[in-house]
Amino acid sequence: GVLQLVAEKAGWGKPLPEGRGRGIAVHESFNSFVAQVIEASVSKEGKVTVHRVVGACDCGPAVNPDSIKAQMEGAAVYGLTAALYGEITFKNGLAEQANFLDYPILRYAEAPVIEVHLVESRDPPGGAGEPGVPPVAPAIANAVAKLTGKRLRQTPMTPERVKRVLA
């Protein structure tokens with residue numbers, strides 16, 4: 001159900017603006033099913049930009065739909081941060097990142113349009129926060145693969161790594 005809903009809402013199969021690719025991924029955990037479609041582009045410098053995230057969630061009965069949507073939106077932002085920036089480096093046995101000053105996160109100005117759609121369900125209740133994170137990176141990788149013909153297989157998807165893959 002989530003796959004059909006997200007594909008419909010994202011306009012799967014319809015043309016995108018020049019230079020953009022669309023990728024999809026599905027995930028199941030916490031008794032919930034999530035699918036996400038991501039529209040992305042890649043600059044000549046290797047920077048991946050995510051323009052749109054369309055998600056669908058089936059976590060059982062939606063007692064508070066706005067809360068579920070907020071959880072899914074936050075999961076998308078968290079997943080984007082992990083996919084694009086999430087790296088801890090070590091020097092002399094210590095983590096070099098100590099706080100948000102030296103650990104990059106997705107900034108407001110970088111945030112894409114995020115849409116969340118809920119599948120009407122009578123299944124037992126499931127989770128609505130964590131299940132939205134895992135499909136983000138694969139959906140980005142699938143969008144980049146569709147656009148470039150090259151597959152990103154490592155996160156974070158830094159410009160340096162992306163340029164190496166696309167070379």
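How many residues does helix 3 have, and how far does helix 3 reach from its first C-alpha to its last? Please select residues 136–148 in this predicted model. Helix 3 has 13 residues and spans 18 Å between its end C-alpha atoms, close to the 18 Å expected at 1.5 Å a residue.

**The whole chain**

Four helices and six strands are present. Followed from the N terminus, these elements run α-β-β-β-α-β-β-β-α-α. The radius of gyration is 16 Å, close to the 15 Å given by the globule rule for 167 residues, so the chain is as compact as a globular protein of that length. Along the principal axes, the C-alpha atoms fill a box of roughly 50 × 40 × 25 Å.

Colouring by charge brings up 18 positive and 17 negative side chains, with the centres of the two sets 9 Å apart. Of the contacts between residues at least 6 apart in sequence, 64% join residues at least 24 apart.

**Back to helix 3**

Show the side chains of Val136, Ala139, Ile140, Ala141, Ala143, Val144 and Ala145, which are the buried residues of helix 3. Their cover includes strand 1 (21–29), strand 2 (32–42), strand 3 (48–58) and helix 2 (65–84).

**Helix 1**

Move to residues 2–10, which form helix 1; here Val2, Leu5, Val6, Ala7 and Ala10 are buried. These buried residues pack against strand 1, strand 2, strand 3 and strand 6. Glycine 11 follows helix 1 and has a positive phi, near 75°.

**Two buried loop residues**

Select glutamine 97, in the loop between strand 5 (94–95) and strand 6 (113–118). Is this residue, glutamine 97, buried or exposed? Its relative accessible area is 18%, and glutamine 97 is therefore buried, the cut-off being under 20%. Leaving aside residues up to four places away in sequence, glutamine 97 touches Glu87, Ile88, Thr89, Asp102 and Tyr103. Glutamate 87 is 10 residues from glutamine 97 in sequence, and their C-alpha atoms are 8.9 Å apart.

Then select alanine 128, in the loop between strand 6 and helix 3. Alanine 128 also counts as buried, at 17% relative accessibility. Apart from residues up to four places away in sequence, alanine 128 touches Cys59, Ile68, Gln71 and Met72. A distance of 8.6 Å separates the C-alpha atoms of alanine 128 and serine 67, which are 61 residues apart along the chain.

**Backbone details**

Most residues other than glycine have a negative phi, and most peptide bonds are trans.

- Asparagine 31, in the loop between strand 1 and strand 2, has a positive phi near 60°. Asparagine 31 is exposed, with a relative accessible area of 57%.
- Asparagine 92, in the loop between strand 4 (90–91) and strand 5, has a positive phi near 55°. Asparagine 92 is exposed, with a relative accessible area of 74%.
- Threonine 155 and proline 156 are joined by a cis peptide bond, with omega about -5°. Proline 156 is placed in the loop between helix 3 and helix 4 (159–166).

How values were computed
Residues numbered from 1 in each chain as written. Predicted model: local features only at pLDDT ≥ 70, side-chain atom pairs only at ≥ 80, totals over all residues. Heavy atoms only, no water. Rg over C-alpha atoms; globule rule 2.2 N^0.38 Å. Contact = heavy atoms within 4.5 Å. Lys, Arg positive; Asp, Glu negative; His and termini not counted. Charge placed at Lys NZ, Arg CZ, Asp CG, Glu CD. Expected span 1.5 Å × (residues − 1). Buried < 20%, exposed > 50% of the residue type's maximum accessible area, 1.4 Å probe, protein only.
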